There are 4 protein chains.
Amino acid sequence: MKESCGVIGVFNVRNALKVLYLSLFSLQHRGQESCGIVVSDFKKVSIHKGMGLVEEVFSELNFENSKGAFGIGHVRYSTTGCSSERNIQPFVVNYKGKTYAIAHNGNLTNSYSLRKELEDEGTLFQSTLDTEVIMHLFLKSKKENFIEKLIDALKKLQGSYALVIFTPEGIYGIKDPNGFRPLCLGKLDNGYIVSSESCTFDLVGATYIREIESGEILFINNQGLKSYCLPRKKISRCIFEFIYFARPDSKVFGRSVYVTRKKLGETLGKELPFKGDIVIPVPDSGNIAALGVARKLKIPLEMGFIRNHYVGRTFIKPLPASRELGVKIKLNVIPEVIRNKNVLVVEDSIVRGTTSTLRIKEIRKAGAKKVYMAVSCPPIKHPCFFGIDFPSKKELIASDKNSEEIRKIIGLDGLYYLSLEGMLSSISLPTEEFCTSCFTGHYPVEIIDFKGKEQFEK
Amino acid sequence: MKESCGVIGVFNVRNALKVLYLSLFSLQHRGQESCGIVVSDFKKVSIHKGMGLVEEVFSELNFENSKGAFGIGHVRYSTTGCSSERNIQPFVVNYKGKTYAIAHNGNLTNSYSLRKELEDEGTLFQSTLDTEVIMHLFLKSKKENFIEKLIDALKKLQGSYALVIFTPEGIYGIKDPNGFRPLCLGKLDNGYIVSSESCTFDLVGATYIREIESGEILFINNQGLKSYCLPRKKISRCIFEFIYFARPDSKVFGRSVYVTRKKLGETLGKELPFKGDIVIPVPDSGNIAALGVARKLKIPLEMGFIRNHYVGRTFIKPLPASRELGVKIKLNVIPEVIRNKNVLVVEDSIVRGTTSTLRIKEIRKAGAKKVYMAVSCPPIKHPCFFGIDFPSKKELIASDKNSEEIRKIIGLDGLYYLSLEGMLSSISLPTEEFCTSCFTGHYPVEIIDFKGKEQFEK
Amino acid sequence: MKESCGVIGVFNVRNALKVLYLSLFSLQHRGQESCGIVVSDFKKVSIHKGMGLVEEVFSELNFENSKGAFGIGHVRYSTTGCSSERNIQPFVVNYKGKTYAIAHNGNLTNSYSLRKELEDEGTLFQSTLDTEVIMHLFLKSKKENFIEKLIDALKKLQGSYALVIFTPEGIYGIKDPNGFRPLCLGKLDNGYIVSSESCTFDLVGATYIREIESGEILFINNQGLKSYCLPRKKISRCIFEFIYFARPDSKVFGRSVYVTRKKLGETLGKELPFKGDIVIPVPDSGNIAALGVARKLKIPLEMGFIRNHYVGRTFIKPLPASRELGVKIKLNVIPEVIRNKNVLVVEDSIVRGTTSTLRIKEIRKAGAKKVYMAVSCPPIKHPCFFGIDFPSKKELIASDKNSEEIRKIIGLDGLYYLSLEGMLSSISLPTEEFCTSCFTGHYPVEIIDFKGKEQFEK
Amino acid sequence: MKESCGVIGVFNVRNALKVLYLSLFSLQHRGQESCGIVVSDFKKVSIHKGMGLVEEVFSELNFENSKGAFGIGHVRYSTTGCSSERNIQPFVVNYKGKTYAIAHNGNLTNSYSLRKELEDEGTLFQSTLDTEVIMHLFLKSKKENFIEKLIDALKKLQGSYALVIFTPEGIYGIKDPNGFRPLCLGKLDNGYIVSSESCTFDLVGATYIREIESGEILFINNQGLKSYCLPRKKISRCIFEFIYFARPDSKVFGRSVYVTRKKLGETLGKELPFKGDIVIPVPDSGNIAALGVARKLKIPLEMGFIRNHYVGRTFIKPLPASRELGVKIKLNVIPEVIRNKNVLVVEDSIVRGTTSTLRIKEIRKAGAKKVYMAVSCPPIKHPCFFGIDFPSKKELIASDKNSEEIRKIIGLDGLYYLSLEGMLSSISLPTEEFCTSCFTGHYPVEIIDFKGKEQFEK
């Protein structure tokens, strides 16, 4: 279960390069495969990109010599491999001697047919990003000026996009009319900052202003802010940002993730048909919900899983493939707190179920009497087409199994998923304005011709 | 505050190289500067060493082609820089065509004079490790056989040492007669494993047997185990292993760190002269004590600090030096849980006080009413000569300031340190068998001529 | 004075990847900045590119696992720097899921206006290569089939181009109608090879067939060879290939470079108004002409300059800039052969004159009586627009100085340049079919809007 | 056939680091495997070492920040592989807080027994260099002062050594009493320079003073020069320095290599029993002798082999092993000058004969009528124990074959080796003061227990 991306944009701030670097750090959880920055001081544009984590890719940057005043950034998850270096975002082009760039979080659902039309007219594509389609649509638009060309191009798109666009004069922050993915606005120095999550603002010292509206095109330049609107569609915020993706110290869609996540835990505690002697979170994603569960049930919380903080992404490289080892190296159990206890494990969600199975086995080995699991969302049964890289439908354990079957596979004495209503009622936003398609299969947008993540690779 | 080292040794296990690799992972918290492995299949000895984390240094190892049956390993913290590559442990020598190696956790307090004597006789040193002294003392011993030469050499040493020695026939696990540092024995496959901490055994699937005795020389070869004794000295276990260093999922000196740490929190909660609305741990080192404090005080625990898991060691490299940024990037606060609350922050210990000062400032900025801090050990006033790299005495905030002065500097409404008696009473081991010199200044061993970490550098 | 490029193409040969690798080695003198290979086994296309020498860029290639049956290659000289990685040739595109690539030696003189027109239509360029223009012209052509589209595009070009084009079915070898740059055809295994120079054929074991005709489009696929013709223009072969660029063991334009170069030396010897005691070549470019001069004058040849073979391109990197040191490290003089002699130094050409000045100073320091210089071409007075990167006109020492002035600057007792007639008469090709514009300023093609090597950079 | 080493030392010169860097460049032909520099400004000692060529290893040096006033350097040839990093010279030790270093060209013939004695006393060795023995012998000497300890140690050595030693106060230049290897003294700035060859002096701007005497210990410090003598032995200069190793622009043993090498060619020409139409040198080692041969025979010299200057050491890496390709890539023939000619090829020496065989095949393929070879030294029949790494005796083609047999193997119409007397008479030094053991088998020093290049590896 991987998020596709995080995006960032700043305008008129001191040392924009450093602000972008720190901002990408704060969004690292949204994509660890590659990252990039495009920054300008109004004279010279610098591009910094690479495969890997923010701190690896930018380790040689010099923030003293090259500061910049505005720019955009991107962290990405996607397919691996050298061949995808050209797909690192922001997607940058040089057109008539000037630099333009796009950073995109989301997924277009009609990019396949749009690209085919463009190629038939003799258009060369440089990447296999759906994002590139936007650039060509813009350039080929017959409209007069920049903003009209941009609206002309965006109107042709379907699917999810939180975009930040870099132009020689300023930046754009854009959210698709369904408003699938989060994007918020802050104040920094004499300028502004837009980011996928508000935790960015805490790190760089910016002040939170508001969430970008669904369908809003916000232009930031030397004249300040200016807003344009795309035609309305049904608002469909991704509820998974609250359950798992966003950092607990962020606001997304205008709401605190920590507060929401604890509320999910409390609702879960209220609904739970069983109870144990102690509550154990699966760290760190289950921590906050577990607090809520323990509070509501009035039973003690114990840190029964200890996380090894030194396991990086390359740990597994020299080892013979072993999922079991991968799970054990990350979390170790404390037998002293588990032995002879009825243990209630709190998880944020279950995707394939394989990791949970291995963890429950460790809990049993440590001497638990009974082992229950409470999950702070409903069963995930359907793929996401709007920016979350779930495994394929047949790998989703809940796609063809009910709770009782899953309980047996994982090896639990009891398993309970938060109800759809319980989940929706825990968030202080209109319940009809969420996309819950991964639970229900009801997609808010027609999926025209999406052919999978590698649809443009041979 | 840095631990010097972690050591590991295995004999007669399947794929010893892989076991050593995983073991060093489990000890990574004891040293992140460099690491090394010496492994043998009884025919060929392989040496793998490098500056950096275990997963960086060994990323190219091939566990299929080179398995090994026995070997030793080491993770190390020390001074930085290329010049210290020769100081990476295990310290390996080739003597008469055979390979010998030593891995050392601890610090000799009379190595300066021992080395001077050896140099006066025309002995060349290859490193600036105190460990190398042991090797030359052994080689120059006039005793007849290996074990007698070894005892002859060890008797000349003062200070702390948990050693693992590699010879062509087997390995030695040795603890100094004061027993300063932990070292434990486990069973694995048809052989044995010794490690600084028992969390190693969980990862590699070994069974915990016992702690190595103070002054014990344990030899492991094809005949099994054989023990020898060094002359007795006063037992002086390092109490800081329980407070901060050891992983909570380890046993050290035969006792669970998690259970002890929670007990420290409970004792602290009992002694506390103040109380707040919520308890907030400084993650992750304060987590377990905070559980104990919250339990005892019966007030809610909140994860008020959120840790960024993607901050590696090189994050700060391209940035202009900024302690403040270093603190903020690691932990972010959740204003929603802090606002208008009386907050009780739980820390494991205070060394310089600078980090705490910055963190409390963030808590106040988030809108706390009052901010208290509870520390799960007494004030640290004296340097350690037995293997912990505290800053110099004058950098220790408690060396010349009382609690009230420290409270003001950090900016707290209340500050309380656990009492010495409270601390000792929380651990189920004889109170007179601990070294508490960092709190009391009473050193169990005379410090003859230790001249600092770089005593052998020019 | 730098050549722009060397190109290579093979079809239906055993281990095409290895043949391309060796071929690029043989053309390394034509470009040392970057190189690239595109190779196919009819199923999978592999692209290998990098900045640096052939042996650096391809050091990790595996010729066993990835052999290929056909492909093209390129070595390049151009501006330095990371920013030009996207300019490494072959220029490769993915169009409708298929790979096309172009390798280009030469320089288009109307690419600026062609590119502007394309951009006005909304075309995005990926590089700042003039070569890319050819690709877009081809894709936008309204003609029916591949060859007609190609001819349609090529007809719009002005300037010099020896092209090799990679398509999914075969390769094209193309020479512009003026025939500025060399390109020859050979037989290898059951297939064919085209290369800028015939020395490639010796190394890979191919047999020389013929020079590609001016204006010829040669297609090589599974049906064999097929030729098409572009409309005729005045033939204008680059005479500098014989004087300096091409390797002496090559045939270019169908003639042996070694034989031609020795003939240039003999003609020079015949014309020379002075004579010395010994002839000393400036190695290695002056070696062959010096043989001819010494033969004609009947005076002994001495290797008075010794070349250091270990000076690579990065030697100068850590040194403070010093042209003098750069010259001395490359060539050292033998005082024993120079002392008290009248020395006749033979150079292939003089560009800026600075290197010659430093070398003559060394000859004098070694004790020569008199020092003469004979140059095997006329004075270079004008820039080249057809693929040779001479310095700007004002840096060419002969652009505004006569021989007598140059003699004084270099510090010679006598200086003689080969006459234009002497030069032309030494080559067994029609004298009117050469481009001699760098000597005469008469350009065979109108220079419409060439704006310099970085015309497409901002 | 590989030289073992080149050594360099400077004292009291401006920017010693830069001078050492350039000096090692000038000696690169004497060793390409690794190199090192030890340099001091009387306050701080810097050590720079690495595997690879001078320009690779030192590419990151900063000559501005770290200049130095004195130091030593070394280039080395030896076995390959990471395991020999500890064997990179200069061999550096830190003794009582001070740095000492040795750079050694040559080979000790009694180091095996010397090392064994030292190990029996409990001495640890850090490398497998015979050079290290010298360091321990010096440190263990019971003599009073430095120079007496040094002489005490050197007296125990047998074999060849041109040494440069670095001490905190100055440098030593030392030649063994047999004087096997060259070492010369020059004047630079206000100080001095010693080097294996005088070509170093030309590059750095030093003035040649004299060759170091056989058995001389020359100490250079702030008081100037001071000489000490080792007990006399029979002088035995390596004649191969003139034939092949030394650069033609050097003086070695006080004589010009170029002049000597041309004289060898003239003597060869005089002795030759056959004659051809043209003389072709095997470049570059055969160039100078070929000039002498052509002069004496009065037949034209042609550059029939063209050398590819871009073939570095890693060219062969990705290729399937092929000696033939290795030969062809380095030299290509010019059929136009060879066709229908009787060709006389001049080589400096024949070792295995395999390369010559491949080259002669190329000459024949190019259409030569008859092919003769003249070699500017006698047949090499015996291994060298004094610093040249010939292949083993059985690989030397002349060890068990006479000229007629070799002629047939190589495929020649005639083969002639210079006579021993002819060789000795061509050099203006006493004929009895040369080591000619590789030709005659008469070793000037008893070979006590030399066990091959890897005698100290397991």
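Analyst: The contact between chain C and chain A takes 17 residues from chain C and 18 residues from chain A, where contact means heavy atoms within 4.5 Å. This is a predicted model, in which local features need pLDDT of at least 70, side-chain atom pairs count only at pLDDT 80 or more, and totals for chains, interfaces and linings use all residues. Residues are numbered from 1 along each chain as its sequence is written, chains are lettered from A and ligands numbered from 1 in the order in which they are written, and side-chain values use heavy atoms, with hydrogens and water left out.

User: What is the area buried between chain C and chain A?

Analyst: The area is about 1900 Å², of which carbon and sulfur atoms give 47%. Buried area is the accessible area (1.4 Å probe) that two parts lose on being put together, summed over both.

User: Which element gives the most to the side of chain C that touches chain A?

Analyst: On that side, β6 (91-95), α3 (111-120) and α4 (131-140) of chain C each supply at least two residues. Of the elements, α4(C) gives the most, with four residues. Helices (H or I, at least four residues) and strands (E, at least two) are DSSP runs, numbered from the N terminus.

User: How do you know that six salt bridges across the interface of chain A and chain B meet the definition, and what is an example?

Analyst: The rule finds six there. One of the pairs between these chains is B:K251 and A:E336, whose side chains meet at 3.8 Å, N to O; the limit is 4 Å, so this pair qualifies. The contact takes 57 residues from chain A and 57 residues from chain B. The area buried between chain A and chain B is about 4900 Å², with 60% given by carbon and sulfur atoms.

User: Why is C:S196 called buried?

Analyst: Buried means under 20% relative accessible area, exposed over 50%, and partly exposed in between (1.4 Å probe, protein chains only). C:S196 has a relative accessible area of 0%, so the residue is buried. C:S196 is found in the loop between β11 (191-195) and α6 (199-204) of chain C. Not counting residues up to four places away in sequence, C:S196 touches residues including C:G6, C:L27, C:R30 and C:V252.

User: What lies 2.9 Å from a polar atom of the side chain of C:S196?

Analyst: The backbone nitrogen of C:V7 lies at that distance.

User: What makes helix α9 of chain D largely enclosed?

Analyst: Nine of the 11 residues of helix α9 (residues 287-297) of chain D are buried, so the helix is largely enclosed by the rest of the structure. Among the buried residues are D:N287, D:I288, D:G292 and D:L297. The cover includes β19 (305-307) of chain C together with α8 (257-271), β18 (278-281) and β21 (342-347) of chain D. Just after α9(D), D:K298 takes a positive phi of about 60°.

User: Which residues have the most contacts inside the largest nonpolar core?

Analyst: They are C:F240 and D:F240, in a core of 156 residues. A nonpolar core is a set of buried Ala, Val, Leu, Ile, Met, Phe, Trp, Tyr and Cys residues joined through side-chain atoms within 4.5 Å.

Terms used. Polar contact = N/O pair within 3.5 Å; in protein donor to acceptor, adjacent residues only side chain to side chain.
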